[in-house]
Amino acid sequence: MANDVKIDPSWKTRLTAEFEKPYFHQLIDFVKSEYKSTTVYPPGNEIFHAFDACHFDDVKVVIIGQDPYHGPGQANGLCFSVHDGVKMPPSLLNIFKEIRNDLRIPIPISGNLDRWAKQGVLLLNATLTVRASTPGSHQNKGWETFTDAVIKKISDEKENVVFILWGAYAQKKGEIIDRAKHHVLMSPHPSPFSADRGFFGSKPFSKTNEYLRGRGLGEISWE
């Protein structure tokens with residue numbers, strides 16, 4: 001794993017205890033050995049990109065994904081996001097189709113969601129690394145424990161965050177969210193296998209902005 005991993009100090013201070021737990025040391029040993037012996041995504045210096053692009057104090061919205069993309073050049077450390085110039089995977093294209101239908105915003109050229117992260121959208125995969133062409137290959141190694149701790153930290157220490165949970169996996173992971181303090185939006189996953197079963201027409205983007213606006217918080221520009 002790269003030594004130039006970047007995590008914003010606002011996360012570092014809150015996650016230091018997690019980084020020091022035995023499971024996390026075992027996880028990092030596993031991940032390092034995988035990067036040495038095979039092709040792993042995202043690039044090592046982007047594993048924690050979600051925690052550098054969106055600072056803890058700025059978090060207004062959390063979108064939970066599962067694995068990083070496992071194709072060449074796709075994963076960039078933000079769930080559902082790809083680098084500039086990379087063809088949009090089907091789920092991401094469906095997300096933009098829903099934004100178009102919900103907010104009348106044209107589908108953009110770039111699928112890089114850094115522009116959302118900088119506004120306070122934490123784009124969090126449950127598992128932060130994956131072996132090339134092998135979805136799920138880094139599941140149950142410790143990442144889920146870590147990302148559960150992240151979700152709980154946000155739930156406990158913040159208020160009025162919108163959690164967007166697409167599909168059964170994200171919804172199960174979101175069971176630890178305090179519904180009395182936060183707003184949870186759930187629908188089927190934007191994957192082509194399930195988007196027609198209720199993702200399309202669920203209007204998560206306008207609903208998020210309506211909630212934020214109602215609490216005097218800045219809306220997200222979803223372009």
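Which exposed residues does the face of α1 turned away from its buried side carry? They are Pro-9, Thr-13 and Ala-17, and the section on this helix below returns to them.

## Basis of the model

This is a predicted model, in which local features need pLDDT of at least 70 and side-chain atom pairs count only at pLDDT 80 or more, while totals for chains, interfaces and linings use all residues. Residues are numbered from 1 along each chain as its sequence is written, and side-chain values use heavy atoms, with hydrogens and water left out.

## Overall build

The chain contains eight helices and six strands, where helices (H or I, at least four residues) and strands (E, at least two) are DSSP runs numbered from the N terminus. Along the sequence these elements follow the pattern α-α-β-α-β-α-α-β-β-α-β-α-β-α.

A compact globule of 223 residues would have a radius of gyration near 17 Å, and the chain agrees with this at 17 Å; the radius is taken over C-alpha atoms, and the globule rule is 2.2 Å times the number of residues to the power 0.38. Along the principal axes, the C-alpha atoms fill a box of roughly 45 × 35 × 30 Å.

## Burial, contacts and charge

Of the 223 residues, 53% count as buried, a term that means under 20% relative accessible area, with exposed meaning over 50% and partly exposed in between (1.4 Å probe, protein chains only). The accessible surface of the chain comes to about 10200 Å², and 51% of that belongs to carbon and sulfur atoms; such areas come from the Shrake-Rupley method with a 1.4 Å probe, and for residues only the protein chains shown count as cover.

Among contacts (heavy atoms within 4.5 Å) between residues at least 6 apart in sequence, 67% join residues at least 24 apart.

## Helix α1

The buried residues of helix α1, which spans residues 9–19, are Ser-10, Trp-11, Leu-15, Glu-18 and Phe-19. Seen down the helix axis, these buried residues fall within an arc of 135°, so they line one face of α1; the arc is that of the directions from the helix axis to the C-beta atoms. An α-helix has 3.6 residues a turn, so residues three or four places apart point the same way.

The buried residues of α1 pack against α2 (22–37), α3, β3 (121–125) and α6 (143–157), whereas the face turned away from the buried side carries the exposed residues Pro-9, Thr-13 and Ala-17.

## Backbone details in the loops

The peptide bond from Tyr-41 to Pro-42 is cis, with omega near -5°, and Pro-42 lies in the loop between β1 (40–41) and α3 (49–53).

Phe-80, in the loop between β2 (61–65) and α4 (90–103), has a phi near 70°, a positive value in a residue other than glycine. Arg-104, in the loop between α4 and α5 (114–117), likewise is not a glycine and has a positive phi of about 60°. Phe-80 is buried, with a relative accessible area of 10%, whereas Arg-104 counts as exposed at 67% relative accessibility.

## The surroundings of Leu-128

Leu-128 is found in the loop between β3 and β4 (130–131), and this residue is buried, with a relative accessible area of 5%. Not counting residues up to four places away in sequence, Leu-128 touches Tyr-41, Pro-42, Ile-47, Phe-48, Phe-51, Pro-68, Trp-143, Phe-146 and Thr-147. Its C-alpha atom is separated by 29 Å from that of Arg-100, which lies 28 residues away along the chain.
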